[in-house]
Amino acid sequence: MILSIESSCDDSSIAITRIDDYKLVYHKKISQELDHSVYGGVVPELAARLHTEALPKILEECKEYFPYLKAVAVTNEPGLSVTLLEGVMMAKALSLSLNIPIIAVNHLKGHIYSLFIEKEATMPITVLLVSGGHTQIIEATSLKDMKVIATTQDDSFGESFDKVAKMLGLGYPGGPIVAKMAMDGDENSYDFPIPLKNSPNIEFSYSGLKNAVRLAIESEFNSSVSQSLSLSVSSNICASFEKTAVAHLMQKLKKYFKLTRPNIFAVVGGASANIRLRGELESLCKEYNCKLLLSPLEFCSDNAAMIGRYAVEQYKIDDFTDINTLDISPRSKF
Ligand code: KG4
Ligand code: ZN
């Protein structure tokens with residue numbers, strides 16, 4: 001079995017995965033969302049302190065599996081440096097005390113393997129990764145061959161939801177909050193421009209849309225007698241924003257599908273929980289006779305199960321990292 005640790009942002013999570021059949025034997029996650037909500041975003045120092053409380057608490061529950069562990073896996077890139085360190089230090093301590101090797105896992109590759117928890121991996125595959133820090137189209141041919149073929153020029157899809165929620169004073173994380181508000185709103189009440197609509201390139205941008213939403217909020221604010229936004233105005237802004245944010249992804253994906261006609265397509269990352277996005281991807285894949293893979297909702301956001309699943313593949317090819325050279329890499333991608 002492999003014990004895996006995830007602490008790249010605001011989720012403390014540990015999983016135990018069986019090597020032979022990928023069975024997820026144990027999985028727990030303690031989320032810090034409520035602690036950061038009042039600040040409208042993740043406060044790194046606070047996140048690190050909360051990991052030091054949560055990770056040992058979860059580890060305590062895994063003690064019965066210690067005799068069966070063949071390796072310890074840990075996310076070491078990309079993420080917040082102070083929180084990545086918490087997981088890496090715990091992995092080093094376990095490696096030394098249990099005399100087992102360490103597997104360093106790239107968080108983004110982990111997200112891709114959230115598709116294969118308790119399953120065989122299917123490759124080649126084209127993946128849309130939509131998380132808090134990334135919006136990318138990735139062509140994954142094998143474990144070691146993953147190419148980013150499109151990315152965002154500025155903000156990510158998930159981040160734009162976080163920023164809209166912050167501007168509307170709705171809390172953090174913005175994705176689920178804005179998506180829920182959008183359900184009660186009129187998506188045609190604001191005509192936000194679809195980013196890069198006339199550009200032939202397959203790339204993404206969310207800062208322009210964020211600014212358009214900011215101007216709409218300011219205008220509503222200034223014209224309201226009470227100098228505050230009603231629930232219906234906020235819902236309408238959320239609905240119109242979500243429609244445009246998803247339309248941008250879909251417009252660029254249509255270009256990609258026309259060009260490459262993928263056989264298998266998947267969406268992963270925290271923002272892949274977005275229901276509107278999932279629905280529109282289903283239609284696109286149907287149109288192109290392409291198989292669509294989705295992670296179960298519980299494994300879309302950060303978790304150690306996906307880290308463990310990827311680590312099993314690394315274990316099988318002896319892809320271990322020396323304890324003395326294992327370091328974190330906050331900005332690394334693939
Ligand atoms: O993958 P993840 O859990 O953490 C990172 O690796 O960044 O993704 C978190 C991101 C946040 O920006 C959050 O607002 C967004 O995913 N998110 C959503 C939804 N649920 C989470 N964005 C849009 N719609 C959602 N339903
Ligand atoms: Zn993530």
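Helices (H or I, at least four residues) and strands (E, at least two) are DSSP runs, numbered from the N terminus. Welcome to a predicted model, in which local features need pLDDT of at least 70 and side-chain atom pairs count only at pLDDT 80 or more, while totals for chains, interfaces and linings use all residues. Residues are numbered from 1 along each chain as its sequence is written, chains are lettered from A and ligands numbered from 1 in the order in which they are written, and side-chain values use heavy atoms, with hydrogens and water left out.

View 1. The bond that joins Met 123 to Pro 124 is cis, with omega about 0°.

View 2. Pro 173 sits in the loop between helix H5 (157-167) and helix H6 (174-183). Follow the chain to Leu 196, in the loop between H6 and helix H7 (207-223). Leu 196 is not a glycine, yet its phi is positive, near 50°. These spots are worth a look because most residues other than glycine have a negative phi, and most peptide bonds are trans.

**View 3. The zinc ion (ligand 2) and its protein donors.** Three names to find here are His 107 (NE2), His 111 (NE2) and Asp 302 (OD), which lie 2.0 to 2.1 Å from the zinc ion. Donors are N, O and S atoms within 2.8 Å of the metal (3.2 Å for Na, K and Ca); water is not among the atoms, so sites may look incomplete. Along the chain, the donors follow the spacing H-x3-H-x190-D. His 111 belongs to helix H4 and Asp 302 to the loop between strand S10 (291-294) and H10, so this pair ties together parts that are 191 residues apart in sequence.

**View 4. Glu 77 and its surroundings.** Glu 77 is part of strand S4 (residues 71-77). Its contacts (heavy atoms within 4.5 Å), leaving aside neighbours within four places in sequence, include Leu 84, Val 105 and His 107. The side chains of Glu 77 and Asn 106 make a polar contact at 3.2 Å. A polar contact is a pair of N or O atoms within 3.5 Å; within protein, one must be able to donate a hydrogen and the other to accept it, and residues adjacent in sequence count only if both atoms are side-chain atoms.

**View 5. Where domain 1 meets domain 2.** An automatic or database assignment sets the domain bounds, giving domain 1 (2-117 + 302-316) and domain 2 (125-294). The contact draws 20 residues from domain 1 and 19 residues from domain 2. Together the domains bury about 1,500 Å², 74% of it on carbon and sulfur atoms; buried area is the accessible area (1.4 Å probe) that two parts lose on being put together, summed over both. In domain 1, Leu 108, Ile 112 and Leu 115 lose the most area to domain 2, together 35% of what that side buries. Across this interface, 2 residue pairs are in polar contact (both at pLDDT 80 or more). H4 gives the most to the side of domain 1 that touches domain 2, with 5 residues.
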